[in-house]
Amino acid sequence: MAISSKYERAPDERISWLASIPYVGLHVGAIAGLFVFPLSGSMVALVVGLYYLRMFGITAGYHRYFAHRGFKTSRWFQFVLALIGSTASQKGVLWWSGLHRHHHKHSDQPEDIHSPQRGFWWAHHLWILCPKYDETPKSQLKEFAAYPELLWLNKYWIVPPLGLAAVLFLIGGLSWAFYGAVVSTVLLYHGTFVINSLTHVFGRRRYETTDTSKNSFLLALLTMGEGWHNNHHYYQSTANQGFFWWEIDLSYYLLKVLSWLGVVWDLRTPPQWVLEGKKRAYGDEPSFAFPAELIDDMAAISALKSAATGEPATRLGELALKAAETAAEVAERAAKAAESAKTKMRESAAEAAERAAALAAEAAEAAATTRTTWSERAAQAARAAAQSAARARATC
Ligand SMILES: [Zn+2]
Ligand SMILES: [Zn+2]
């Protein structure tokens with residue numbers, strides 16, 4: 001495909017052909033096996049069923065939960081999501097989601113590891129075969145590094161796909177293993193990788209973003225909703241990526257069902273100003289930038305609370321106080337921005353102030369569990385944040 005590469009690859013960005021043998025071997029095997037194992041209706045069902053089940057592990061688990069925290073869930077179900085995602089053979093959950101956060105920070109800039117600006121096939125899959133990017137960027141995901149079971153799964157990510165192949169073999173012999181673990185996995189690779197390559201090349205753009213992301217109905221069907229990639233780049237931390245009813249998003253529908261069952265909760269959806277973005281051209285005025293560090297700290301606090309890894313209370317208390325004070329500062333900054341902003345930006349600033357106040361209250365509550373002097377200071381910060389938020393809302 002003739003896509004011009006804007007950025008040159010660094011000399012150390014070479015593909016390791018030795019490490020690529022399993023990946024290439026799966027492709028060769030998938031084609032060769034078709035001549036050995038007859039295709040039947042039930043084998044098609046197996047391929048499609050395992051494709052969509054594991055696509056859900058990647059989209060809802062690896063992507064929307066671990067990389068973007070678009071919803072909340074329990075410790076056991078977060079493990080289930082990571083486990084299903086791992087059976088897709090796309091390396092460890094923390095590796096995948098950590099590098100994905102990096103992609104959003106630097107989308108289509110020279111630092112973006114898999115921008116199609118560095119070549120279409122590089123963005124699609126060659127970058128994964130480059131040893132330079134083998135390491136899990138743990139600094140990008142400090143909140144999940146508190147869970148030993150996730151660290152284990154991240155390191156031994158190869159165990160779930162091998163286990164799946166073994167189970168398929170035991171149930172239906174070689175033909176089941178071939179269609180379920182080889183053919184379905186190869187299709188799933190490319191179903192996932194088109195999000196890094198094609199959705200930055202083909203489709204329509206609703207939102208003016210600084211990257212090349214696009215929306216595609218067809219890719220959304222193949223990827224359970226990930227084809228609404230321009231929506232996603234514009235507003236990342238939602239559980240849904242189809243923002244309107246006609247934007248089909250299978251991952252979100254399933255998450256919605258799971259939320260009715262109480263398995264997941266707090267599904268984040270885009271605020272009103274994002275939905276109205278097109279009509280009212282919000283794009284020409286920036287929205288209030290909410291600091292990502294605060295979100296990270298809050299996640300680290302809840303991980304410390306639920307992981308109960310024997311961390312001393314001091315760590316939790318200090319972190320909670322810091323988060324409460326940062327949130328109070330953010331709320332105050334947002335309130336000032338709301339007062340001086342033009343109408344368009346006001347709402348986003350008021351929303352940010354309210355969100356900061358909610359986080360401050362949550363942090364103060366976490367600090368209170370440590371029963372230390374931090375808790376009183378955190379509570380003070382939370383009260384200040386609430387006042388700023390009320391002021392910001394009053395300007396709208
Ligand atoms: Zn993303
Ligand atoms: Zn992207």
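Visitor: Why is R355 counted as buried?

Guide: In this predicted model, R355 has 21 C-beta neighbours inside 10 Å. A residue is called buried if 20 or more other C-beta atoms lie within that distance, so R355 counts as buried.

Visitor: Where in the protein chain does R355 lie, and how far is R355 from N154?

Guide: R355 is part of helix α15, which covers residues 343-368. Between R355 and N154 there are 32 Å in space, C-alpha to C-alpha, and the two are 201 residues apart in sequence.

Visitor: What makes S89 buried or exposed?

Guide: S89 has 21 other C-beta atoms within 10 Å. The cut-off for a buried residue is 20 or more, and S89 is therefore buried. S89 is found in the loop between α3 (75-86) and α4 (93-105).

Visitor: Which term applies to K91, and why?

Guide: K91 has 19 other C-beta atoms within 10 Å. Buried requires 20 or more, and exposed requires 12 or fewer; K91 is therefore partly exposed. K91, too, is found in the loop between α3 and α4.

Visitor: What is the phi of S89, and what is that of K91?

Guide: S89 has a positive phi of about 60 degrees, although S89 is not a glycine. For K91, also a residue other than glycine, phi is positive and near 65 degrees. Most residues other than glycine have a negative phi.

Visitor: How do you know that the radius of gyration of the protein chain agrees with that of a compact globule?

Guide: For 396 residues, a compact globule would have a radius of gyration near 21 Å; the protein chain has 23 Å, and so the two agree. The C-alpha atoms fill a box of roughly 70 × 50 × 45 Å along the principal axes. Of the 396 residues, 43% are buried.

Visitor: How many helices and strands does the protein chain have?

Guide: The protein chain has 16 helices and two strands. Among its contacts with a separation of 6 or more, 71% join residues 24 or more positions apart.

Note on methods. Residues are numbered from 1 along each chain as its sequence is written. Chains are lettered from A and ligands numbered from 1 in the order in which they are written. This is a predicted model: local features need pLDDT of at least 70, side-chain atom pairs count only at pLDDT 80 or more; totals for chains, interfaces and linings use all residues. Helices (H or I, at least four residues) and strands (E, at least two) are DSSP runs, numbered from the N terminus. The radius of gyration is taken over C-alpha atoms; the globule rule is 2.2 Å times the number of residues to the power 0.38. Two residues are in contact if their C-beta atoms, placed from the backbone, lie within 7 Å.
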